[in-house]
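Please look at the structure below.

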Amino acid sequence: MKESIQEILDKKENIFIFDSSLKYYNYYGKQLKDLGYETKIVNLENPLLSDGWNPIDYIRYLYDNNEQGLLIDSIEYFAEEIFVKENPKNDPYWIDSARSLFIGSTLLLLKAYEKEIYKKPLDLNSLETVISSASIKVNNKSGLTSSFLRNQVNKLERKNIIRRLLSPIVDAPSETRSSVISVTLQKLNMYLYREDFSKSMSNAKFKVEDINKDKTAIFVVGKKSLNPLVNVLLNQVITHTNKNNYKINVILDSFDTLPINSNINDIITNSNLLISVSDNNYLDYYKGINLKKYLKESNIVCNKTYPIKELEIVEEEYFDYPVFVLKSLMIDKN
């Protein structure tokens with residue numbers, strides 16, 4: 001792994017490292033400084049000991065630059081990471097509605113901020129405030145009332161995407177609406193109950209849109225309860241570098257500690273991806289991805305990340321098509 005990273009640094013290319021204990025930063029930090037790298041740390045374990053990152057910043061950047069397609073994709077992916085369908089036997093209505101409320105409220109908040117209807121800083125805290133406003137009867141600290149969402153939604157044309165997302169919720173019977181809001185806030189507050197993380201958002205020094213063509217290094221330290229945000233950040237980084245045709249190298253150490261990434265295809269296609277896992281069978285969770293296609297077309301460094309002999313064809317009766325599955329991906333960390 002160190003040999004591959006050194007090659008990346010020698011070329012002065014951008015690098016994103018999921019660094020479980022900052023061991024890579026401690027090893028390469030001085031060299032990065034000497035090479036003139038812009039180095040940022042996003043530490044979810046100790047948010048106040050990092051450069052901080054506001055997940056809404058890049059979404060606002062896409063909105064401000066009228067990148068409508070990428071904007072919707074980014075918010076939808078964010079919603080998928082936070083509102084996970086954990087049990088396929090459960091009624092999907094509540095999680096699907098929570099996703100719609102999150103996506104619609106985010107778009108509405110951006111629009112309200114642009115028109116100076118909402119004037120406070122945009123982050124997950126402000127999004128929580130707007131969503132909460134749909135269920136209260138009196139003014140809260142933000143000055144919003146229970147009619148805020150409904151009034152803003154009703155001002156929109158019927159074909160407007162925000163109205164289509166939110167109307168079924170804000171116009172639903174009180175009990176149904178309250179339940180959807182409750183599910184949404186329950187998931188969202190899993191991230192906001194951490195006061196240090198909330199503070200780090202408001203003082204964030206790292207912005208995805210500031211990533212340059214080269215010599216940018218991003219170190220991310222995860223925390224199990226917050227690790228879905230690692231996937232969100234990585235998705236934003238891939239979106240930005242791909243949009244600007246910047247090369248990005250992605251090192252995911254302890255890959256098996258991250259939640260399943262539904263965007264793995266784009267990551268493999270649009271980056272030079274190196275990963276390490278501690279569980280030999282972990283990648284069985286990713287079976288169904290046609291790795292053969294990506295090995296031919298992407299920038300994965302097979303001969304340095306894992307040997308070709310570790311790839312083998314899976315019996316066709318398991319899938320509708322033959323695929324390559326990684327049987328072992330133990331990477332030398334020495």
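**Core, pocket and cavity**

Leaving out residues up to four places away in sequence, Leu 252 touches Phe 16, Phe 18, Leu 234, Leu 258, Leu 273, Leu 274, Ile 275 and Ser 276, where contact means heavy atoms within 4.5 Å. The model is predicted, so local features need pLDDT of at least 70 and side-chain atom pairs count only at pLDDT 80 or more, while totals for chains, interfaces and linings use all residues. Residues are numbered from 1 along each chain as its sequence is written, and side-chain values use heavy atoms, with hydrogens and water left out.

Leu 252 belongs to the largest nonpolar core, which has 74 residues. Such a core is a set of buried Ala, Val, Leu, Ile, Met, Phe, Trp, Tyr and Cys residues joined through side-chain atoms within 4.5 Å. Buried means under 20% relative accessible area, exposed over 50%, and partly exposed in between (1.4 Å probe, protein chains only). Along with Leu 252, the residues with the most contacts inside the core are Phe 16, Phe 78, Phe 102, Leu 124 and Leu 233. Helix 5 (residues 93-114) gives the most to this core, with ten residues. Apart from it lies another core, of 16 residues, including Tyr 24, Tyr 28, Phe 219 and Ile 251. In soluble globular proteins, nonpolar side chains tend to be buried together.

Over the whole chain, 51% of the 334 residues are buried. The secondary structure comes to 14 helices and seven strands; helices (H or I, at least four residues) and strands (E, at least two) are DSSP runs, numbered from the N terminus. Of the contacts with a separation of 6 or more, 69% join residues 24 or more positions apart. The accessible surface is about 16600 Å², with 46% of it belonging to carbon and sulfur atoms; areas come from the Shrake-Rupley method with a 1.4 Å probe, and for residues only the protein chains shown count as cover.

Where is empty space left? Rolling a probe the size of a water molecule over the atoms shows this. On a 1 Å grid over the protein atoms alone, a cavity is a set of points where a 1.4 Å probe fits but cannot get out, and a pocket is an open set with protein on both sides within 12 Å along at least five of seven lines; lining residues have an atom within 4 Å of a point. Grid points are joined across faces, edges and corners, and a volume is the space filled by probe spheres set on the points.

The largest pocket holds about 260 Å³. Among its 14 lining residues, Asp 73, Asn 235, Thr 239, Asn 263 and Asp 266 lie nearest its centre. Helix 4 gives the most to this lining, with six residues. The lining has three nonpolar, seven polar and four charged residues, where Ala, Val, Leu, Ile, Met, Phe, Trp, Tyr, Cys and Pro count as nonpolar, Asp, Glu, Lys and Arg as charged, and the others, Gly among them, as polar.

There are three cavities of 30 Å³ or more. The second largest cavity has a volume of about 40 Å³, and its lining has five nonpolar, four polar and no charged residues. Ser 200 is one of the lining residues and is found in helix 10. Is Ser 200 buried or exposed? Ser 200 counts as buried because its relative accessible area is 6%. Beyond its neighbours within four places in sequence, Ser 200 is in contact with Pro 47, Leu 48, Gly 52 and Trp 53. Lys 199, also in helix 10, is partly exposed because its relative accessibility is 43%.
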